[in-house]
Amino acid sequence: MTYDMLLLRFGEFTLKGKNRSRFEKSVLSHIRRVLKPFPNAVIIKEYGRMYVELNGESPEALIQVLKKVFGLVSISPVRVCPSELDRIIETAVHMVGQRNLADQVTFKVHARRVWKQFPHSSQEMNHLVGSPLLRTYPQLKVQVKQPDMELRVEIRENGTYVYYEVIPGAGGYPLGTNGKAMLLLSGGIDSPVAGWSAMRRGLEIECVHFYSFPYTSQLAKEKVMELTRLLSGYTGRIKLHLVPFTDVQTSFVSIGQDNLMITFMRRAMLRIASALAEREGALAIVTGDSLGQVASQTLPSMNVIGRATELPLLRPLVMMDKNDIINIAKDIGTYETSILPYEDCCTLFVPKSPTTNPNLKIVEKVEASLTDLPGLIEAAIQNTETVIIRPDSKIGELEAKSEGQVINEDWF
Amino acid sequence: MIYWDHAATTPPFDEVVDTMAEVMKMHYANPSALHRSGEAAAKLQKRAREVCAAALDVRPAEIVFTSGATEGNNMAIKGAAMQYSSRGRHIITTGTEHPSVYECCKQLETLGWEVTYLPVDALGIVDLAALKEAVRKDTVLVSIMHVNNETGAIQPLAEVGRIVKERNARTLLHVDGVQGFGKLPVALSEWQADLYSLSAHKFNGPRGMGVLFVKQGVQLFPLISGGSQESGQRAGTENVAGAVAMSKAMRLSREHQPELYDKMTELRELFLSGIRKIPGLVLNSSEASAPHIIHFSYPGLKPEVMVHALEEMGMLVSTKSACSSKLSEPSRVLLEMGKDREVASSGIRISLGKEHQLGDAARLVEVLAKVCGNLRPVIEREG
């Protein structure tokens, strides 16, 4: 089946009074950007929805990229035919025949006559289109409430739109319409999902990653770059701040309070991220914390760690189960990269029994005694390296340049 | 000497041999090692996986490196059987599969599995009506090859996939793709294949390497346990040089497939029309077969005699498939196609490679006519 158009529907932002046009503008520019590789596609705006005329572009390829546009709730591939009864029936029969019909499929026709000069009313059209379908495909059975398939027929003056498929989109708010935040990106399963959830809610994000050369490997750093690249598939580009954390981290080793190690580390990370946020004009910090998942994510830990920053800490996954998080990670394509087994700085120097209930007073007292700490944190911020990553960035190559090419292209 | 036995194994591309040697010398480190050299080897391995995945239009995580298709077929069939035995204990295959599929099924039978061997028609094509009837609720796996290694018969995999999934959406489809890749287009998503095995040495790659495509979501019980290489699906230190060299061969083969198909089809025309003119020869492949395999019988003559007679004249061809050619039994594949014992016991296979030219083919047809003429008195005496 070749389709002529895609129908795009939008979500809750269409209800938002005065901000509506800002939201629409943002989603439109996002759609324009993802459709750039498809020069023949033409975008048509209408009240509350948009159409993309395919003009020969592949509907599958377009749907693939459009599924990443936030604010877009669903997509329907549409066939357009002249507004004549015979042609409409013919199109409907052909379209339904293309679907893999199981033994029994319940369906209904939902016709809408936008062009009132068309000789048959919407009600009549439901029957006029439905009967030949029933005759042609004996597996079909009419069911008005919750059918397996709802065939929509929209009759307009310059053509009739026929479609039945409703492909879910990413939903949420258009990109960047709710401001900017810093995402703490570790390389695990959770933080990319947290980042995606934040972006889906209209936040622009910049990623912050802490690495500890030489204790963590080059591959761990590349893994985070790759995760950022995967996330940038939803936005076009993302800034990644790579913070050298070795000196800060090792300074905690000498304290002799092993069970508080993670608490100190997380607080230092928040301080660095807050400074970067201020520099970049971000108003919040997003983390992948999920309540109770590990020692640093118990409520007492969150309390003590969270006090290290004055910025709002957004934790999109805080009440979610691990399995649900994993499912989202698989859907958004970050899971397979996340499970690559490289040490990151949080898994290094992990004490045997990290505290689940740190004492704020003790933590603050110890920190006050570390006279070197502010300087080390300042140095980490100063030495932070910022890269801009795009969906087509070549991750290995960004790094390989500095340490001699490993991959010889002639070999592949 | 002209080598006409590419269905048995192919000469590796020069670039493949060079790559293999360079990577072996430079990147001998174990890719699982944490040090820098190990990281470099791991990068190459990862890149090789991406290149192989791209050649099949699948995801890198769906590629498992194996030692070849015999292992891939074993892993797919027995691994799926062991993993999903709670779904049932029934497998479907055809009577004309390669021994590495056929014997796996035989082995499973001794473990209490029920195996349905689908019949094929005179051209070797599987009976789709029988397939439709055979798929049941407890059918765990259907294993059907893309191209037959003896006759070149091409199975209608798109229809096979449609039928299998329509009858039981949970039944897995395994395709032994060894003889098809690089010769015919491969469409795993259209076939709805869950498992697909390849051997690198059949497409001018290195010996001892293969690929098993395992569709996302499908689990196999690992047959080789040990370290967690290949995501725990196949233990053993990675063959980095082999993987890189194979990925190169795979990319090249995919790129050259359309032109190679046209070229081989032209040569095949010449063979078919030539063989039809030689008295006594019976063709077992046709215009509908894959273009690189031409199979015929000379009833009454032991095929070894023909092979050696052609060898005398500088032409290397083969009897049956290399994996079973030392046995003097009639070909199971030909018997399944309804050929009589005489025909099934006297099969000769010519298989083409990228280096063959029209002149080579014309020369072989000429030699063949001559040899057949010389041998005819032998047959008549024995008959």
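Chain A of this predicted model contains 14 helices and 15 strands. Of the 412 residues in chain A, 52% count as buried. The accessible surface of the chain comes to about 19500 Å², and carbon and sulfur atoms account for 50% of that surface.

How is the chain held against itself?

Now let us move to the place where chain A meets chain B. The contact involves 14 residues from chain A and 21 residues from chain B. Together the two chains bury about 1600 Å² between them, with carbon and sulfur atoms giving 58% of this area. On the chain A side, look for Val406(A), Trp411(A) and Phe412(A): these residues supply 49% of the area that chain A buries against chain B, more than any other three residues.

The interface of chain A and chain B has 3 salt bridges. In one of them, Lys43(B) pairs with Glu222(A), and their closest N and O atoms are 3.1 Å apart. Helix α6 of chain A, which spans residues 218-232, provides 3 residues to the side that touches chain B, the largest share. Sorted by class, that side of chain A has 5 nonpolar, 4 polar and 5 charged residues. Across the same interface there are also 7 residue pairs in polar contact.

Technical notes. Residues are numbered from 1 along each chain as its sequence is written. Chains are lettered from A and ligands numbered from 1 in the order in which they are written. This is a predicted model: local features need pLDDT of at least 70, side-chain atom pairs count only at pLDDT 80 or more; totals for chains, interfaces and linings use all residues. Side-chain values use heavy atoms; hydrogens and water are left out. Helices (H or I, at least four residues) and strands (E, at least two) are DSSP runs, numbered from the N terminus. Buried means under 20% relative accessible area, exposed over 50%, partly exposed in between (1.4 Å probe, protein chains only). Accessible areas come from the Shrake-Rupley method with a 1.4 Å probe; for residues, only the protein chains shown count as cover. Contact means heavy atoms within 4.5 Å. Buried area is the accessible area (1.4 Å probe) that two parts lose on being put together, summed over both. A salt bridge is a side-chain nitrogen of Lys or Arg within 4 Å of a carboxyl oxygen of Asp or Glu. A polar contact is a pair of N or O atoms within 3.5 Å; within protein, one must be able to donate a hydrogen and the other to accept it, and residues adjacent in sequence count only if both atoms are side-chain atoms. Ala, Val, Leu, Ile, Met, Phe, Trp, Tyr, Cys and Pro count as nonpolar, Asp, Glu, Lys and Arg as charged, and the others, Gly among them, as polar.
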